[in-house]
Amino acid sequence: SSFASIPKTIKSIKGGDRIMEGLERADQERLNSKSSSSKAPSIPRSELEQSICILPLTHVERFMDYLIILLKTKTAVNNTELLCRVAVILIQTHSKQIVSSATLAIPLLELRRWTRIRLKESRDVVGFNMAALRIIAKMAREEEEQRSFFREEGHDNIWAGMGLLSRGVPADDGKRKRSKR
């Protein structure tokens with residue numbers, strides 16, 4: 001679907017305004033101090049595409065700068081999907097202006113570099129988690145096979161002859177004193 005064919009609704013215009021206001025606040029904070037403490041504007045994901053569509057080129061440039069800054073931070077790992085989605089929408093929506101602008105060539109390459117780095121990190125984490133899940137599943141299958149073996153052999157409780165319950169806990173044969181509450 002073409003981003004140019006998306007109708008400009010009141011919600012998308014308000015969302016675009018919130019993005020522009022957020023960029024201006026971030027610019028002010030960047031000038032006043034090194035740390036950025038302002039909260040990013042809250043725009044529902046369903047309206048994000050339309051809100052980005054209405055941004056003028058000057059705001060697109062600043063938006064790309066902030067995306068790069070966010071992707072460079074380690075906290076971006078938790079928001080990689082959203083940041084990459086925003087970058088793709090931004091580039092697809094404003095591709096003609098971005099390509100024709102000589103000043104955006106370097107930021108575009110930098111954005112590409114950092115999105116690739118963060119996506120690789122996310123892929124590595126997912127791969128690591130999948131490997132751990134496979135190991136856990138294998139251990140669970142092996143444990144179930146052992147249990148079914150003992151059930152088939154008629155040894156439901158292997159600890160029964162030792163005065164122990166099936167989990168290795170000593171059986172309560174009434175010899176221990178109970179505490180009063």
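Visitor: Is Ile52 buried or exposed in this structure?
Guide: The model is a predicted one, and within it Ile52 is found in helix α2. A residue counts as buried when its relative accessible area is under 20%. Ile52 has a relative accessibility of 0%, so Ile52 is buried.

Visitor: Which residues does Ile52 touch, not counting those up to four places away in sequence?
Guide: Residues up to four places away in sequence are left out of this list. With that condition, Ile52 touches Ile19, Phe63, Val86, Ile89, Leu90, Thr93 and His94.

Visitor: How far apart in space are Ile52 and His94, C-alpha to C-alpha?
Guide: Along the sequence, 42 residues separate Ile52 from His94.

Visitor: Which backbone oxygen does the side chain of Thr93 reach?
Guide: Thr93 belongs to helix α4, which covers residues 80-93. Thr93 counts as buried because its relative accessibility is 18%, and the limit for that word is under 20%. At 2.6 Å, the side chain of Thr93 reaches the backbone oxygen of Ile89.

Visitor: What distance does α4 reach from its first C-alpha to its last?
Guide: Helix α4 has 14 residues. At 1.5 Å a residue, a reach of 20 Å is expected, and the helix comes close to that. From its first C-alpha to its last, α4 reaches 20 Å.

Visitor: Which residues have the most contacts inside the largest nonpolar core?
Guide: The largest nonpolar core has 24 residues. Two or more residues come from each of α1 (10-32), α2 (45-53), α3 (57-72), α4 and α6 (105-152). Inside this core, the residues with the most contacts are Ile52, Phe63, Leu67 and Leu90.

Visitor: Which element gives the most to this core?
Guide: The buried residues of α3 are His59, Val60, Phe63, Met64, Tyr66, Leu67, Ile68 and Leu71. Phe63 and Leu67 are among the residues with the most contacts inside the core. With 7 residues, the element that gives the most is α3.

Visitor: Which residues is Phe63 in contact with, leaving aside its neighbours within four places in sequence?
Guide: Phe63 is one of the buried residues in α3. Leaving aside neighbours within four places in sequence, Phe63 is in contact with Ile19, Leu23, Ile52, Leu55, Val86 and Leu90.

Visitor: At roughly what angle do the axes of α1 and α2 cross?
Guide: In α1, Lys11, Ser12, Gly15, Gly16, Arg18 and Ile19 meet Glu47, Gln50, Ser51 and Ile52 of α2. The two axes come within 7 Å and cross at roughly 70°. The helices therefore count as roughly perpendicular, the crossing angle being roughly 70°.

Visitor: What covers the buried residues of α2?
Guide: In α2, the residues Glu47, Leu48, Gln50, Ser51, Ile52 and Cys53 are buried. The elements that cover them include α1, α3 and α4.

Visitor: Is Ser100 buried or exposed?
Guide: Ser100 has its place in helix α5. Its side chain reaches the backbone oxygen of Lys96 at 3.0 Å. The relative accessible area of Ser100 is 61%, and since exposed means over 50%, Ser100 is exposed.

Visitor: Which residue's side chain is joined to that of Thr103 by a polar contact?
Guide: Thr103 lies in the loop between α5 and α6 and counts as exposed because its relative accessibility is 58%. A polar contact of 2.9 Å joins its side chain to that of Ser101.

Visitor: How many helices are there in the protein?
Guide: From the N terminus on, the elements run α-α-α-α-α-α. There are 0 strands, and the number of helices is 6.

Definitions and conventions
Residues numbered from 1 in each chain as written. Predicted model: local features only at pLDDT ≥ 70, side-chain atom pairs only at ≥ 80, totals over all residues. Heavy atoms only, no water. Helix = DSSP H or I, 4+ residues; strand = E, 2+ residues; numbered from the N terminus. Buried < 20%, exposed > 50% of the residue type's maximum accessible area, 1.4 Å probe, protein only. Polar contact = N/O pair within 3.5 Å; in protein donor to acceptor, adjacent residues only side chain to side chain. Expected span 1.5 Å × (residues − 1). Core = buried A, V, L, I, M, F, W, Y, C linked by side-chain atoms within 4.5 Å. Contact = heavy atoms within 4.5 Å. Axes fitted to C-alpha atoms, helices over the stretch in contact; angles between N-to-C directions. Parallel < 35°, antiparallel > 145°, perpendicular 65-115°, else oblique.
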